[in-house]
Amino acid sequence: MYFHLGLLENRSAFNLTFPSPTWKSLKFRYQKLHHSDHKICRQFILVNELADDLMYDCLIFQHDKEWDIGLTVISNEGKGGKYYFSAPRSEQIDPCKTKVQDWKTFFFLHMDHVGKSPDLPVTMQLSPFSNVSYNISLVECANSTDQSCSNRTSHYEVFIGDPQTSADCEGDQCTVYLTLRDNPGRYAVTAQIVSPECPNNSCFISVSPTFSVEPSQVRIWITVAFGFALSFILAFALTLHCHIKQNRNLFLGLKEKQPTVLLIYLAENQRCWDLVNMLAVFLKEVCYVYPYVIDNDVGSQDPNFWTSKHMNQVDRLVFLVPGDPDSESVTPIRDHWTYALKYFTGHYFATHQVTDKVATVIFPFSADVPSQIANVQHFKLVQDMDSLVTWIHHGTWLDCKLLWGPQIKSQCQKNVTYTLSDITKAVGNVSLDPTCHNDCQINKNSDGKNVLSDPVEGMYASQTASPLHDKCSERQNCDTASEVACDSSVEVFDPEVPDIELSILGEKTSRSVDEQSSDESSDEVDD
């Protein structure tokens, strides 16, 4: 802003300077605030690039009036801003006649920062007087309808002592930052010269156009986000409470009725057999699952018939993938793994479509999953133990995270049963020796193949299908060339098999699938 000496009258002139402009088109608009119909718009098109500064002088202001002006500038590059200032009368900025007491300090507000930044930049033009200081203040208007803000309260002040040495000043301009409060209201900025010639701060006080501070959008969004977060926490807490209550009832119900699971395995050595038993005990004592292990539960029944019936009737069927599927089991029931795979691909599972109850458990030492069970669900132990238990119980993701995860990792039962750490250690022991050592011999037919009965089909297979305690003469393909003598006193179990430590999981009189179907099986045999 500067004083323009005219032939007829003097005016206050406004200068816009663009250092080395790079834009091609520029638009700006002067608008008299609070009077929407008083505005002047200009557009400038820059044809050639300029290395020098581009200046534009506006002489539109009347010499005897003070105007509150809003200036909006925007270029084709999307740069620009919105500014508020009060245009002084010409006699208020006459460098030859105006005294320091009457000088109106010119400054403008960077309005783009209002509502978006905690600070409001204010750029002030220095006066032509030497040895003066400046006081710039943010004030709140007592009356929101008072455009002159005559009754005001100061909220924040910045004092510029020596403009020549101040870090806020450069050339003939100083830019300071006034902190805006979050409280909504009507505000203005004042600037005043501080000089010995103005005792008791009697120099003229320049007042900017007033502006409104609306409630902070950030504050509103924070409040909304906090409300949503609180609602989510309350909903989650309520869901968690209900889930814990359901889990408590679930545990009570599992004490009376537990899901049954049949473990299909191939015990390649004593360590593998110990791992199978340990896993069975862990599932029963910690996970409220009733496991079936053929070497512990078959008794005097035909192993193939027992396997077929339990594969049909249990709630879940789990294949424990061995390290060498072609090896021989060290337990008396040697062909359990091979028979189960063959029966799984048979008529019953093909027609009943119940593969969703089947899963495989893969250990670090396990070989590739056999093709017969390659398309069922897989679990890696021990990292997927919580997911496996949740699957057995038909649970949900919340059950996995809030119920079975903490349950299987708990150390509260370490004095009475195995823990997850024991299972992890047992898996590690087997992994140390992935090679299966088996010194046991297995009976073979004259063609050199392992003795294996055909799968027993159907939900309730006949008990006449090759029981292991039948005489050898009742077997198919049995002849004098067989290593097993055809004698009425000889059974399929090899008497040379070394003693194997067989773990009994406990009394099963109330949970045995055999007893649940004994009457039906007996009726079929009678028939």
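Three disulfides are counted in this structure. The model is predicted. Counting bonded cysteines along the chain, the pairing runs 1-2, 3-4, 5-6.

**Cys-141 and Cys-149**
- A disulfide links Cys-141 with Cys-149, at an S to S distance of 2.0 Å.
- The torsion about this S-S bond is -115°, and the link is left-handed.
- Cys-141 has 6% relative accessibility, under the 20% cut-off, so Cys-141 counts as buried.
- Cys-149 is buried too, with a relative accessible area of 0%.

**Cys-169 and Cys-174**
- The sulfur atoms of Cys-169 and Cys-174 lie 1.9 Å apart and form a disulfide.
- The S-S torsion here is about 105°, so this disulfide is right-handed.
- Both Cys-169 and Cys-174 are buried.

**Cys-198 and Cys-203**
- Cys-198 is joined to Cys-203 by a disulfide, S to S 1.7 Å.
- With 80° about the S-S bond, this link is right-handed.
- Cys-198 is buried, at a relative accessible area of 5%.
- Cys-203 is buried as well, at a relative accessible area of 4%.

**Cys-96 and Cys-272**
- Cys-96 has a relative accessible area of 75%, over the 50% cut-off, so Cys-96 is exposed.
- Cys-272 has 6% relative accessibility and therefore counts as buried.

Methods: Residues numbered from 1 in each chain as written. Predicted model: local features only at pLDDT ≥ 70, side-chain atom pairs only at ≥ 80, totals over all residues. Heavy atoms only, no water. Disulfide = S-S within 2.5 Å. Buried < 20%, exposed > 50% of the residue type's maximum accessible area, 1.4 Å probe, protein only.
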